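The stops below can be selected in turn.

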Amino acid sequence: MAASLKAKIAEVFDEPGCDKNQGKSEKERKKGCTKQLSPGAAAGGCAFDGAKIALQPIVDVAHLVHGPIACEGNSWDNRHSFSSGADTYRTGFTTDINELDVVYGGEKRLFKSCREIIEKYDPPAIFVYQTCVTALIGDDIEAVCKRASEKFGKPVIPVNAPGFAGPKNLGNKLGAEALLDYVIGTEEPETTTQYDINIIGEYNLSGELWQIKPLLDALGIRILSCISGDGRYHEVASSHRAKVNMMVCSKSMINVATKMEKKYGIPYFEGSFYGIGDMSDTLRQISKLLVKQGADAELLDRTEALIAAEEKRAYERIQAYKPRLQGKRVLLITGGVKSWSVVAALQEAGMEIVGTSVKKSTKEDKERIKEIMGEDAHMIDDMSPREMYKMLKDARADIMLSGGRSQFVALKAKMPWLDINQERHYAYGGYEGMVTLVNEIDKALANPVWKAVRLPAPWDGAEMIPADTAPEMCMPQPVREAGIVAREHALNEGREAAAHAH
Ligand code: SF4
């Protein structure tokens with residue numbers, strides 16, 4: 001592993017904003033956070049995948065993957081990160097290296113690819129992603145990007161996060177490091193105000209950012225840059241002029257928040273857009289920090305007024321679902337902040353949470369679960385698919401909310417399921433998002449397909465066919481007869497051939 005990459009990884013692991021990391025000894029910290037996989041467990045994405053997920057939502061730049069075509073194929077557009085304008089980010093660019101490049105090096109091909117992209121698409125910048133193969137053959141993407149930037153007069157940014165460096169989560173942070181090293185602070189915004197903020201670690205999946213933006217607009221707060229959902233290169237490059245940074249719960253880009261605080265003196269806080277109470281807390285935090293940074297104190301009153309109106313409106317709309325959803329039991333398999341932040345909204349609609357997973361939750365998350373659901377809250381540390389299936393099959397839950405990977409468990413148990421993780425198709429952010437979530441649960445529960453799939457199959461109870469019956473017996477009469485004749489014929493031919501051979 002190149003020395004610079006090693007040093008970068010060590011730097012990322014020494015993260016002051018991560019309590020877990022700071023609680024470790026120096027030796028332990030160096031080992032990183034990757035857990036040994038248990039046999040049979042899915043490995044998840046690689047570091048390159050993580051970097052791509054973190055940066056691809058910058059919509060107007062060209063994302064060029066330097067490696068074999070499969071790396072780009074695997075990661076292309078697999079999340080629903082939306083754009084309000086430019087769509088260059090949805091074109092998959094790759095150098096598609098081949099065996100000859102592996103022997104002679106792929107640097108020339110990379111340089112030519114940059115030229116071609118600039119000539120054909122003219123994006124404000126190109127992000128070049130390193131992958132396993134090109135890192136192993138020693139392609140120096142930093143040097144090529146530097147040369148291409150000088151030659152073409154455009155920022156060409158190296159993102160050095162080859163897959164073998166570690167898991168997806170590390171890749172998120174290495175992608176963020178590329179922004180810190182080459183992008184943030186390189187341009188100036190046209191204007192600045194006392195109400196400018198950055199949102200870090202929000203990817204605008206299914207358009208969630210657009211559920212938040214109207215609330216901030218109503219308060220006169222401007223998103224100077226969202227890193228990286230629906231982001232624009234120039235916005236990210238001038239994001240160092242914001243007054244406050246909001247770090248979205250996932251911590252995937254915590255290094256951007258801590259380093260911007262250190263370098264530019266921008267305070268940050270961690271907040272979440274999921275759940276009604278959380279959305280309100282987030283708005284309060286933003287306003288409080290902005291006032292601390294010099295905004296007019298009347299912002300606090302306006303924020304409280306907006307929160308009161310929005311909460312009332314959301315709860316009224318959720319209440320309308322109560323007659324249909326009262327008493328329905330929900331199994332929540334998600335983890336992190338969502339393990340508790342959506343609970344209040346579901347309870348408001350009359351639903352009962354029979355269990356919530358806490359595999360990826362922090363100590364504080366668990367405390368919050370107890371606060372909301374009481375001491376007997378059913379926290380599931382690590383539920384195997386078999387247990388999930390049993391729980392659904394025994395009808396101890398009416399619906400499961402989880403990520404896409406668990407969907408087949410629910411479908412096998414013939415129970416409704418709703419995707420609430422990153423591949424979801426609906427936006428569940430802010431007040432509006434919680435109403436959408438309750439509406440989607442209602443739709444999933446009332447879908448007539450469940451009645452149909454639970455009916456006994458037409459062949460159930462039909463006369464059993466003995467196990468040794470030839471397959472033709474299951475076919476319609478003429479096909480069966482033709483099959484039997486053909487088989488007899490082939491057998492006879494085989495016997496004759498064998499007799500001649502003797
Ligand atoms: S592990 Fe390496 S080869 Fe596989 S997708 Fe990631 S970068 Fe590409």
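Predicted model: local features only at pLDDT ≥ 70, side-chain atom pairs only at ≥ 80, totals over all residues.

Residues are numbered from 1 along each chain as its sequence is written.

Select the ligand. Ten residues surround the ligand, the closest being Cys-46, Phe-48, Cys-71, Cys-132 and Gly-163 (near means a C-beta atom, placed from the backbone, within 6 Å). Helices α4 (47–55) and α5 (69–75) each supply at least two residues of this shell; helices are DSSP runs of H or I with at least four residues, strands runs of E with at least two, numbered from the N terminus.

Next, show the open sheet of five strands, ordered β11-β10-β9-β12-β13 with parallel pairing (two strands pair if DSSP finds at least two bridges between them). Its edge strands are β11 (379–380) and β13 (417–419). Two bridges join β10 (residues 352–357) to β11, and Ser-357 has Ile-380 as its bridge partner.

Move to α14 (residues 276–292). Just after α14, Gly-294 takes a positive phi of about 120°. Buried residues of α14 include Ile-276, Met-279, Leu-283 and Leu-290 (buried: 20 or more other C-beta atoms within 10 Å of its own, C-beta atoms being placed from the backbone).

Finish at the largest nonpolar core, with 118 residues (buried Ala, Val, Leu, Ile, Met, Phe, Trp, Tyr and Cys joined through C-beta atoms within 7 Å). Ile-126 and Phe-127 are among the members that touch the most others. Helix α22 (residues 430–446) gives the most to this core, seven residues.

Note on methods. Buried ≥ 20, exposed ≤ 12 C-beta atoms within 10 Å, placed from the backbone.
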